[in-house]
Amino acid sequence: MGLVLLLREYDYNNAHIMRSKLQQHGVPVVLIDEETSVTLPHLKTLIGGIGLMVLEDDYEMARDILGLKYESPSKIVVCPHCNSTNSKPIQDELIMNLIARVFKIFTPDNQIQTNDKKYQCLDCGNTFLY
Ligand SMILES: [Zn+2]
């Protein structure tokens with residue numbers, strides 16, 4: 001009986017809410033890549049965010065508890081211009097984001113906007129923060 005990947009979550013708070021929910025139902029959860037996602041947020045998209053691992057035998061129950069018949073709503077990015085869900089994160093600003101975040105570490109408001117990421121809508125071409 002090993003650990004299996006239940007899901008990956010980009011949002012730190014959501015990952016912890018889901019872990020708490022599972023633990024309340026007696027399902028043990030191990031978070032992976034949490035520190036990388038928090039300390040190196042620009043790498044989040046590369047590693048897929050924080051991983052929630054559960055025991056193989058708990059997998060189906062865990063999915064039921066979280067209602068994971070379909071993809072987690074927090075992963076669905078909606079274009080504010082045309083309401084399309086067909087968008088992709090913009091990667092070419094990775095280095096600028098890294099520089100911005102490094103400097104944000106030294107400012108007291110480093111919590112602000114760290115979850116905002118730039119996306120490009122593949123239907124209308126609109127770029128937006130989400
Ligand atoms: Zn759009």
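Q: What makes asparagine 83 count as exposed?
A: In this predicted model, asparagine 83 has 10 C-beta neighbours inside 10 Å. The label applies at 12 or fewer, so asparagine 83 counts as exposed. You will find asparagine 83 in the loop between helix 4 (59–65) and strand 4. Its phi is near 65°, a positive value in a residue other than glycine.

Q: Why is aspartate 33 called partly exposed?
A: Aspartate 33 has 17 other C-beta atoms within 10 Å. Buried needs 20 or more and exposed needs 12 or fewer, so aspartate 33 falls in between and is partly exposed. This residue sits in the loop between strand 2 (29–32) and helix 2 (34–39), and its phi, near 60°, is positive too. Most residues other than glycine have a negative phi.

Q: How do you know whether glycine 49 is buried or exposed?
A: Count the neighbours: glycine 49 has 24 C-beta neighbours inside 10 Å. The cut-off for buried is 20 or more, so glycine 49 counts as buried. Its contacts beyond four places in sequence include Glu9 and Tyr10. The C-alpha atoms of glycine 49 and glutamate 9 are separated by 5.2 Å, although the two residues are 40 apart along the chain.

Q: What makes strand 5 and strand 6 a pair?
A: Strand 5 (residues 118–121) and strand 6 are joined in the antiparallel sense over three bridges. Pairing takes at least two bridges, so these strands qualify. Lysine 118, for example, has leucine 129 in strand 6 as its bridge partner.

Definitions and conventions. Residues are numbered from 1 along each chain as its sequence is written. This is a predicted model: local features need pLDDT of at least 70, side-chain atom pairs count only at pLDDT 80 or more; totals for chains, interfaces and linings use all residues. Helices (H or I, at least four residues) and strands (E, at least two) are DSSP runs, numbered from the N terminus. Two residues are in contact if their C-beta atoms, placed from the backbone, lie within 7 Å.
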